[in-house]
Amino acid sequence: MVVKTTTDLLISLESVKKSYQQPNGQEITILENINFDLRTGEIVALLGPSGSGKSTLMRMIAGLIPPTLGKILYHNRPLVGLNPGVAIVFQSFALYPWLTVLENVELGLKAKGELPDRRREKALRMIDVIGLDGFENAYPKELSGGMRQRVGFARALAVEPELLCMDEPFSALDVLTAENLRFELLDLWLERRIPTQTILIVTHGIEEAVILADRIIVLGRNPGRVRADLPVKLPHYRDRKSPSFQSLVDRVYKIITHPDLMPEAVEPEPTVSKISSTPPQKYQSLPAVRIGSIAGFLELLEDQNSKDLYRIAQELLLEVDDILPIVEAAKLMDMVQIAEGDISLTSVGQQFIAGGIDERKQIMRSQMLDRIRLVQQITNFLQAKRNHRIPEELVLDILEKYFSTQEAQQQLKTAIDWGRYAELYIYNEPAGEIFLESEITSQE
Ligand SMILES: Nc1ncnc2c1ncn2[C@@H]1O[C@H](COP(=O)(O)OP(=O)(O)OP(=O)(O)O)[C@@H](O)[C@H]1O
């Protein structure tokens with residue numbers, strides 16, 4: 001097997017910031033102060049929670065959108081417009097249903113101005129390499145999901161990109177197909193059978209990142225920033241059950257599940273090349289989970305033998321993106337604690353589990369008023385107003401200073417769901433009004 005070496009600088013990001021103008025004119029920052037290099041010979045995984053700006057970052061590197069501030073250098077020159085060295089594989093395959101496999105693969109070559117004969121020759125070669133031999137004249141609808149994604153790979157690789165960008169390329173596939181394709185891609189990469197110098201993969205999967213990557217860049221949220229840049233020194237092919245693999249997975253898990261901790265507390269390991277914490281925010285970012293799923297998760301936790309978060313997720317057949325928002329919400333309410341990758345119920349969490357419905361509501365109410373800033377603020381507004389009613393716009397206008405319009409709406413929705421469960425306030429959807437629960441109002 002050929003050992004790949006990391007050599008030339010391909011792309012550099014220098015103090016990159018991306019922000020968007022909201023409909024109300026307010027600017028919202030999606031990514032801030034992003035600095036890292038991509039070099040030839042490496043597979044880099046971009047890992048982070050939903051909304052941390054992974055896809056936005058990839059689109060900037062591909063030149064599909066420009067940064068608001070800062071520089072993206074391609075071969076040491078500022079990138080202007082589309083990056084000629086990049087091809088992208090999308091989660092949704094993005095194939096043209098009316099074109100055959102061969103025609104789909106030829107598309108990128110056509111856009112690059114290759115002549116028809118050469119186009120066909122290159123497309124056929126890549127179709128062969130990627131295991132689609134015999135399917136040249138098939139249409140996408142005649143293929144399984146895994147085969148369709150092979151077409152996505154063949155199309156991207158046919159143009160011989162220096163950088164192959166993949167945006168969650170395996171997440172629309174069933175587990176087995178995804179695993180096969182992942183290893184086939186790794187084979188092709190390690191054996192240098194695909195014409196690409198560097199791979200950048202956006203993923204939610206910690207294990208996927210640890211299986212594939214030479215470096216894992218962990219993004220934090222609101223705004224998105226690099227929280228850790230971890231080299232992965234394990235030799236390929238990596239054994240998921242080996243202690244070194246599991247310990248790296250645990251470390252990454254720890255970084256992701258401790259968004260507010262100082263880096264030294266999260267990651268003292270010497271293999272970490274760079275890690276930084278998220279600055280304090282005015283509002284926590286409330287994960288979009290229902291109280292019912294927090295309660296269900298706490299009950300599951302009580303019944304688990306293992307305390308290891310990563311193993312619990314595995315046993316419950318959950319993806320990291322399924323479990324992390326719930327863990328985050330439970331942590332915000334001080335119902336669970338996480339130490340060294342192990343999760344356990346706090347005394348409040350235990351009381352919650354032991355309580356009946358009224359006691360549970362009472363506990364949630366007191367935790368939210370104590371710890372969840374947005375719920376506190378809505379309650380304070382309602383108590384301050386003589387008629388105990390506020391229009392939702394009042395809250396949205398404030399939130400839009402800190403979140404995108406879409407995210408502000410999601411934050412408000414979550415705060416309404418949570419406050420409603422805790423019987424703090426009620427929401428009248430048609431009127432777009434929030435008002436105090438009557439018994440709370442009458443107690444005043
Ligand atoms: N054109 C846009 N205008 C305003 N906000 C945007 C725009 N594009 C993305 N955003 C916001 O930027 C944030 C980051 O989005 P992005 O899709 O890059 O995150 P992500 O980490 O890839 O998320 P996911 O894992 O869910 O795909 C989100 O809050 C999104 O709503």
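Four strands make an open sheet in the order β2-β1-β4-β5, with antiparallel pairing; strands pair here if DSSP finds at least two bridges between them. The edges of that sheet are β2 (27-39) and β5 (77-78), each of which pairs on one side only. Keep in mind that this is a predicted model: local features need pLDDT of at least 70, side-chain atom pairs count only at pLDDT 80 or more, and totals for chains, interfaces and linings use all residues. Residues are numbered from 1 along each chain as its sequence is written.

**The sheet with β5**
- Strand β4 (residues 69-74) and β5 run antiparallel and are joined by two bridges.
- Tyr74 has Arg77 in β5 as its bridge partner.

**The protein as a whole**
- There are 17 helices and 16 strands, taken as DSSP runs (H or I of at least four residues for helices, E of at least two for strands) and numbered from the N terminus.
- The C-alpha atoms fill a box of roughly 80 × 50 × 45 Å along the principal axes.
- Among contacts with a separation of 6 or more, 69% come from residues 24 or more positions apart; a contact needs C-beta atoms, placed from the backbone, within 7 Å.

**The sheet with β14, β15 and β16**
- This open sheet of three strands runs in the order β14-β16-β15, with antiparallel pairing.
- β14 (389-391) and β15 sit at the edges with a single partner strand each, so one side of each has no neighbour in the sheet.
- Neighbouring strands of this sheet are turned by 25 degrees against each other on average, direction ignored.

**The β15-β16 hairpin**
- β15 (residues 425-428) and β16 (residues 433-436) run antiparallel, joined by four bridges.
- Tyr425 has Leu436 in β16 as its bridge partner.
- Four residues lie between the two strands of the hairpin, and Gly432 in the turn has a positive phi of about 65 degrees.

**Helices α15 and α16**
- The axes of α15 (residues 392-399) and α16 (residues 405-421) come within 9 Å and cross at roughly 130 degrees.
- On the α15 side the contact is made by Glu392, Val395, Leu396 and Leu399, and on the α16 side by Ala408, Gln409, Gln411 and Leu412.

**Around Leu298**
- Leu298 lies in helix α9 (residues 291-303) and is buried, with 20 other C-beta atoms within 10 Å.
- Leaving out residues up to four places away in sequence, Leu298 touches Ala330, Met335, Leu345, Gly349, Phe352 and Ile353.
- The C-alpha atoms of Leu298 and Val327 are separated by 9.1 Å, with the two residues 29 apart along the chain.

Notes
Contact = placed C-beta atoms within 7 Å. Axes fitted to C-alpha atoms, helices over the stretch in contact; angles between N-to-C directions. Buried ≥ 20, exposed ≤ 12 C-beta atoms within 10 Å, placed from the backbone.
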